[in-house]
Amino acid sequence: MAELRIDGDRLWRSLMELATIGGTPKGGVCRLALTDLDREGRDRFVSWCAEAGCRVTVDAVGNIFARRPGRNPDRAAVCMGSHLDTQPTGGRFDGIYGVMAGLEVIRSFNDQGIETDAPLDLIVWTNEEGARFSPPMLGSGAAMGVFTLDHVLDIRDTDGLRLGDELERIGYKGSVPVTGHAMAAYFEAHIEQGPVLEAEGCDLGVVTGAQGQRWYEATVTGRESHAGPTPMWMRRDALAGAAVMIEAVEAIALEVGGDACSTVGRILAQPDSRNVIPGRVWFTIDLRNPDAEQLTRMDAMLRVRLAAIAEKRGLTLDLVDFWAFPTTPFAPDLVARVRDSAERRGLRHRDIVSGAGHDAVYVARKVPTAMIFIPCEGGLSHNEAENVQPSHAAAGCAVLADAVLATAR
Ligand SMILES: [Zn+2]
């Protein structure tokens with residue numbers, strides 16, 4: 001098999017050109033979903049796809065599908081994709097890299113006269129970031145039946161603007177049904193958004209799946225009283241109790257080890273006065289683990305330990321399940337194709353689990369899926385300073401091309 005080539009310079013130029021749409025003075029990008037800038041980015045993408053000979057369709061939630069035909073029109077498409085929307089102070093690569101890498105795969109196949117048996121679809125998913133319309137990953141979620149179309153179209157931004165109206169306004173409310181798109185496989189290339197690949201000197205991450213997540217809200221209730229006259233032994237200090245609980249949350253992931261993570265990210269103490277013993281504290285808990293059994297174990301540890309701390313200190317604990325996301329293993333045969341390509345091309349690589357949510361995580365519920373990570377500088381993402389090495393961008397794109405060709409040939 002002749003070595004498949006991609007044009008890393010052309011990929012980089014496309015990335016830099018797209019970054020000018022909504023480009024910020026600090027070198028990042030602000031292209032919120034379904035704004036005029038999002039339309040401009042989408043239009044540029046669509047014109048590039050048309051130039052590459054693709055037929056472009058749009059579904060009822062604004063997901064864009066650019067099709068490169070295969071020899072056999074009856075086969076379901078082998079798909080690539082990601083998102084073009086960004087955070088308000090986002091970077092040039094989060095999401096956009098996966099779309100531009102897919103475009104470069106199609107351009108390279110065209111240049112080299114490579115035909116595939118199955119058609120290829122390059123997909124742009126609507127509102128992945130969730131920055132303007134919450135929750136995130138609405139386009140891929142709707143396509144995979146996680147959300148109903150009506151529910152998604154009725155979501156409003158903070159100005160009260162309706163997602164469905166904004167879709168129509170920018171001209172991306174398509175006519176293709178949102179569910180039932182025939183996908184044989186889905187590959188998403190993405191920046192890691194974490195520090196592991198760079199720290200280990202890797203060129204590429206072979207993503208084996210996504211972590212399961214469990215989110216909670218804890219409310220600890222004690223008794224408000226004066227910080228002076230109340231002796232220590234008579235106190236029911238909700239904040240001191242919560243502090244011990246937060247330490248216990250951190251200890252859970254440290255004890256379980258592996259890829260386990262446990263985080264308290266928000267805390268509110270009442271009455272929030274310097275000379276009042278806090279009577280009520282609310283905080284959030286985020287537990288993650290790629291191993292479903294270990295995540296269940298972490299959940300049990302959390303419940304038992306926090307309850308014990310509350311009891312010992314005469315506090316009441318109300319622990320509410322806020323949101324959960326199951327662990328999502330990717331398709332082993334597709335993951336193996338990514339790994340084989342990295343191996344054949346002599347790239348330094350490692351298996352890695354995605355700690356963040358991606359469109360691929362919803363797609364994986366219905367379609368065999370794999371992801372490719374490339375390192376990002378300092379692990380920094382959702383930040384205007386987000387950066388990657390051009391050589392890593394090209395390497396991830398080449399591996400994407402190999403994996404897609406092996407699946408669609
Ligand atoms: Zn992303």
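The sulfur of Cys-79 lies 12 Å from the closest cysteine sulfur, that of Cys-54, which is too far for a bond, and a search of the whole structure finds zero disulfides (pairs of cysteine sulfur atoms within 2.5 Å). This is a predicted model, in which local features need pLDDT of at least 70 and side-chain atom pairs count only at pLDDT 80 or more, while totals for chains, interfaces and linings use all residues. Residues are numbered from 1 along each chain as its sequence is written, and side-chain values use heavy atoms, with hydrogens and water left out. Helices (H or I, at least four residues) and strands (E, at least two) are DSSP runs numbered from the N terminus.

**Cysteines**

- Cys-79 counts as buried, at 0% relative accessibility, where buried means under 20% relative accessible area, exposed over 50% and partly exposed in between (1.4 Å probe, protein chains only).
- Cys-202 is likewise in no disulfide, since the nearest cysteine sulfur, in Cys-376, is 13 Å away, and with 7% relative accessibility Cys-202 counts as buried.

**Zinc site**

- The zinc ion is coordinated by His-83 through NE2, Asp-94 through OD and His-190 through NE2, at 2.0 to 2.2 Å; donors are N, O and S atoms within 2.8 Å of the metal (3.2 Å for Na, K and Ca), and water is not among the atoms, so sites may look incomplete.
- Along the sequence, the donor residues of the zinc ion follow the spacing H-x10-D-x95-H.
- Asp-94 counts as buried at 4% relative accessibility, and His-190 is buried with a relative accessible area of 1%.

**Helix H3**

- Helix H3 covers residues 96–111, and at 1.5 Å a residue its 16 residues should span 22 Å, which agrees with the 22 Å between its end C-alpha atoms; the expected span is 1.5 Å times one less than the number of residues.
- Because 14 of the 16 residues of H3 are buried, the helix is largely enclosed by the rest of the structure.
- Gly-113, which follows H3, has a positive phi near 60 degrees.

**Pockets**

- The largest pocket holds about 540 Å³ of space; on a 1 Å grid over the protein atoms alone, a pocket is an open set of points where a 1.4 Å probe fits, with protein on both sides within 12 Å along at least five of seven lines, and lining residues have an atom within 4 Å of a point.
- Volumes are the space filled by probe spheres set on the grid points, which are joined across faces, edges and corners.
- The lining of the largest pocket consists of 24 residues, and Pro-136, Met-137, Trp-215, Trp-323 and Gly-357 lie nearest its centre.
- Strand E7 (212–221) and strand E13 (316–325) each supply at least two residues of that lining, with E13 giving the most, three residues.
- The lining of the largest pocket divides into 10 nonpolar, 10 polar and four charged residues, where Ala, Val, Leu, Ile, Met, Phe, Trp, Tyr, Cys and Pro count as nonpolar, Asp, Glu, Lys and Arg as charged, and the others, Gly among them, as polar.
- The second largest pocket has a volume of about 400 Å³ and is lined by 16 residues, of which Gln-211, Val-353, Ser-354, Gly-355 and Ala-356 lie nearest its centre.
- Strand E15 (residues 349–354) gives the most to the lining of the second largest pocket, with four residues, and that lining divides into seven nonpolar, five polar and four charged residues.

**Backbone and loops**

- Ser-134 and Pro-135 are joined by a cis peptide bond with omega about 0 degrees, and Pro-135 is placed in the loop between strand E4 (120–125) and helix H4 (138–143).
- The peptide bond from Gln-270 to Pro-271 is cis too, with omega near 5 degrees, and Pro-271 lies in the loop between strand E10 (267–270) and strand E11 (276–277).
- Leu-34, a residue other than glycine, has a positive phi near 65 degrees; Leu-34 is found in the loop between helix H1 (8–19) and H2 and is buried, with a relative accessible area of 0%.
- Gln-193 also has a positive phi near 65 degrees, and this residue, in the loop between E5 and helix H7 (196–199), counts as partly exposed at 21% relative accessibility.
- Gly-53, in the loop between helix H2 (36–51) and strand E1 (55–58), counts as exposed at 52% relative accessibility.
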